[in-house]
Amino acid sequence: MSQEEELVFEESQQGIKIVFWGATMAGKTTALSLFHAIKKKEDPESVYNFLKLEDKATERTIGFDQATFGLGSGSGKGFKYHLFTTPGQDRFKSMRKIVINGLHGLIVVLDSEKARWQENKDSLTELFDILGEKIYNREVKLAIILNKMDLPVDTRISAADVGKLMLEAGVSDKLRDTFASTFEVSCLEALTALKEAWSKGEWNPKQRPQPVQRIIQPIQMVIRDILVSQLRKA
Ligand SMILES: Nc1nc2c(ncn2[C@@H]2O[C@H](COP(=O)(O)OP(=O)(O)OP(=O)(O)O)[C@@H](O)[C@H]2O)c(=O)[nH]1
Ligand SMILES: [Mg+2]
């Protein structure tokens, strides 16, 4: 086993593992960085590590990003969840397979830019070729986010187009409820809202700015779905 494989394997052994999947430039690293920054602000004790393996010149992920957080207090303390991102560039296909090994949940990140339709499609086809069955039988929990909703409306798609994209990618219509509940987000707007609130010293975890809440929601939903299904099994 290579060093990276060992790390990915080891991390997925305890707690739950959720992976951000999507085409290069879709915003996976940005979304995870935002989530990490928010957790660090709100509950620094729950944040363990954050590792980014990126090409400094291009800022593209060349291995994976990985962050670990603690969940709960009292007897639940010590339970961890691990968030990973895959590297979206074509050349990292084998790395993506390693990163998703042993996962419990997925955040599929789609790029809303119209010009990225084919890249989104290819990325979905690859994912469902590997994990389709586990996703269809709900063994792997899933949320879909459509990022970059800040782009001009005539240059981007909306959540209403996601079903068509999925079907073109060969994804089964069995998941139509999931397509229909796609989260429209903008990491850029979330970052702006976060910086503005922090510069004023204003932050209330119960009233996060809307663009920030939209990033947190799908991640929390997947964590909850995984925990509920694990409790049912226990
Ligand atoms: N306009 C806009 N740009 C965004 C948004 N989110 C991310 N970006 C930009 O998109 C680019 C790619 O973002 P990353 O998060 O590095 O993309 P990635 O999915 O991790 O890409 P790989 O690591 O290559 O797989 C960066 O320049 C981001 O600043 C957004 O909501 N709106
Ligand atoms: Mg990345």
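The questions below ask why residues and sites in this predicted model are described as they are.

The model is predicted, with local features needing pLDDT of at least 70 and side-chain atom pairs counting only at pLDDT 80 or more, while totals for chains, interfaces and linings use all residues. Residues are numbered from 1 along each chain as its sequence is written, chains are lettered from A and ligands numbered from 1 in the order in which they are written, and side-chain values use heavy atoms, with hydrogens and water left out.

Q: Why is T86 called buried?
A: Buried means under 20% relative accessible area, exposed means over 50%, and partly exposed is in between (1.4 Å probe, protein chains only). T86 has 0% relative accessibility, so T86 counts as buried.

Q: Where is T86 found?
A: T86 is in the loop between strand 4 (79–85) and helix 3 (93–99). Helices (H or I, at least four residues) and strands (E, at least two) are DSSP runs, numbered from the N terminus.

Q: Which residues are in contact with T86, leaving aside neighbours within four places in sequence?
A: Contact means heavy atoms within 4.5 Å. T86 is in contact with V19, F20, W21, G22, K28, R96, V99 and I100.

Q: Why does V99 count as buried?
A: V99, which lies in helix 3, is at 0% relative accessibility and therefore counts as buried.

Q: What is the volume of the largest pocket, and which residues lie nearest its centre?
A: The volume is about 510 Å³. Of the 24 lining residues, M25, G27, T29, T30 and R60 lie nearest the centre of the largest pocket. The elements that give two or more residues to this lining are helix 2, strand 2 (47–54) and helix 7 (187–199). Helix 2 gives the most, with four residues. On a 1 Å grid over the protein atoms alone, a cavity is a set of points where a 1.4 Å probe fits but cannot get out, and a pocket is an open set with protein on both sides within 12 Å along at least five of seven lines; lining residues have an atom within 4 Å of a point. Grid points are joined across faces, edges and corners, and a volume is the space filled by probe spheres set on the points.

Q: Why does K121 count as buried?
A: K121 is at 17% relative accessibility, so K121 counts as buried. K121 is found in helix 4 (residues 117–136) and touches L165, E168 and A169, not counting residues up to four places away in sequence.

Q: Why is L53 called partly exposed?
A: L53 has a relative accessible area of 27%, so L53 is partly exposed. L53 lies in strand 2.

Q: Why is E59 called exposed?
A: E59 is exposed because its relative accessible area is 51%. E59 is in the loop between strand 2 and strand 3, and its phi is near 65°, a positive value in a residue other than glycine.

Q: How do you know that R138 is partly exposed?
A: R138 is at 42% relative accessibility, so R138 counts as partly exposed. R138 lies in the loop between helix 4 and strand 6 (141–147).

Q: Why does F35 count as buried?
A: F35 is at 1% relative accessibility and therefore counts as buried. F35 is found in helix 2 and touches F69, Y81, L83, I216 and I219, not counting residues up to four places away in sequence.
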